[in-house]
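Here is a short report on a protein model. It covers the fold, the core and the charged pairs.

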Amino acid sequence: MAESEAKAAADPEDDAGRKLTVMQENPKREGSKSNERYELYKSATTVGEFLAQGGTRPDLIHDVGKGFIVYGDGKGHSFPKKPEKKPKAP
């Protein structure tokens with residue numbers, strides 16, 4: 001799931017105390033920066049711990065989208081809906 005940088009901005013629902021579970025087997029490519037970060041944050045149990053242990057908001061969004069991280073409340077991220085485009089005038 002590819003998310004734009006705009007969507008990677010802080011999600012108001014992702015407060016520091018929001019519970020999460022991180023898959024313990026590291027799914028990231030060996031030797032990559034994301035693999036190194038995953039090793040740091042895989043023990044996190046809240047969003048605040050995740051961020052404090054080296055995870056980034058884009059990591060969080062990506063990993064939730066891939067199913068590597070599951071929120072304790074079972075909800076995903078909530079993003080504002082894009083405005084509908086008006087049809088062009090003839």
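The report starts with the overall layout and then moves to individual residues.

## Basis and layout

This is a predicted model: local features need pLDDT of at least 70, side-chain atom pairs count only at pLDDT 80 or more, and totals for chains, interfaces and linings use all residues. Residues are numbered from 1 along each chain as its sequence is written, and side-chain values use heavy atoms, with hydrogens and water left out.

The chain has three helices and two strands. Both kinds of element are DSSP runs, numbered from the N terminus: helices are H or I with at least four residues, strands are E with at least two. Along the sequence the pattern reads β-α-α-α-β.

Of the 90 residues in the chain, 29% are buried. Buried means under 20% relative accessible area, exposed means over 50%, and partly exposed lies in between (1.4 Å probe, protein chains only). The accessible surface of the chain is about 6300 Å². Carbon and sulfur atoms hold 56% of that surface. These areas come from the Shrake-Rupley method with a 1.4 Å probe; for residues, only the protein chains shown count as cover.

A contact means heavy atoms within 4.5 Å. Among contacts with a separation of 6 or more, 57% are between residues 24 or more positions apart.

## Helix H3 and Asp63

Which residues of H3 are buried? They are Asp59, Leu60, Ile61, Asp63 and Val64. The cover over the buried residues of H3 includes S1, H1, H2 and S2. After H3 comes Gly67, with a positive phi near 85 degrees.

Asp63 sits in H3, which spans residues 57-66. Asp63 counts as buried because its relative accessibility is 0%. Its side chain makes a polar contact of 2.4 Å with the side chain of Tyr41. A polar contact is a pair of N or O atoms within 3.5 Å; within protein, one must be able to donate a hydrogen and the other to accept it, and residues adjacent in sequence count only if both atoms are side-chain atoms. Not counting residues up to four places away in sequence, Asp63 touches Lys28, Tyr38, Tyr41, Phe68 and Ile69.

## Aromatic cluster

A pair of aromatic rings is described by the distance of the centres and the angle of the planes. Rings of Phe, Tyr and Trp (its six-membered ring) pair if their centres lie within 6.5 Å; planes under 30 degrees apart count as stacked, over 60 as edge-to-face and the rest as tilted.

A search of the whole structure finds two aromatic pairs. Tyr41 and Phe50 form a tilted pair, at 4.3 Å centre to centre and 50 degrees between the planes. Tyr41 is buried, at 0% relative accessibility. Phe50 is buried too, at 0% relative accessibility. Ring pairs join Tyr38, Tyr41 and Phe50 in a cluster.

Gly55 is in the loop between H2 (47-52) and H3. Gly55 is buried, with a relative accessible area of 8%. Leaving aside neighbours within four places in sequence, Gly55 is in contact with Tyr41 and Phe50.

## Charged pairs

A salt bridge is a side-chain nitrogen of Lys or Arg within 4 Å of a carboxyl oxygen of Asp or Glu. By this rule there are four salt bridges. The table lists some of them.

| Residues | N to O distance |
|---|---|
| Arg18 and Asp73 | 3.1 Å |
| Arg37 and Asp59 | 2.7 Å |
| Glu39 and Lys42 | 3.2 Å |

Arg18 is buried, with a relative accessible area of 6%. Asp73 is partly exposed, at 42%.

Arg18 also lies over the face of Tyr71, at 3.6 Å from the ring centre. A charge sits over a ring if NZ of Lys or CZ of Arg is within 6 Å of the ring centre and within 35 degrees of the ring normal.

Arg37 is partly exposed, at 26% relative accessibility, whereas Asp59 is buried, at 7%. Glu39 is partly exposed, at 40% relative accessibility.
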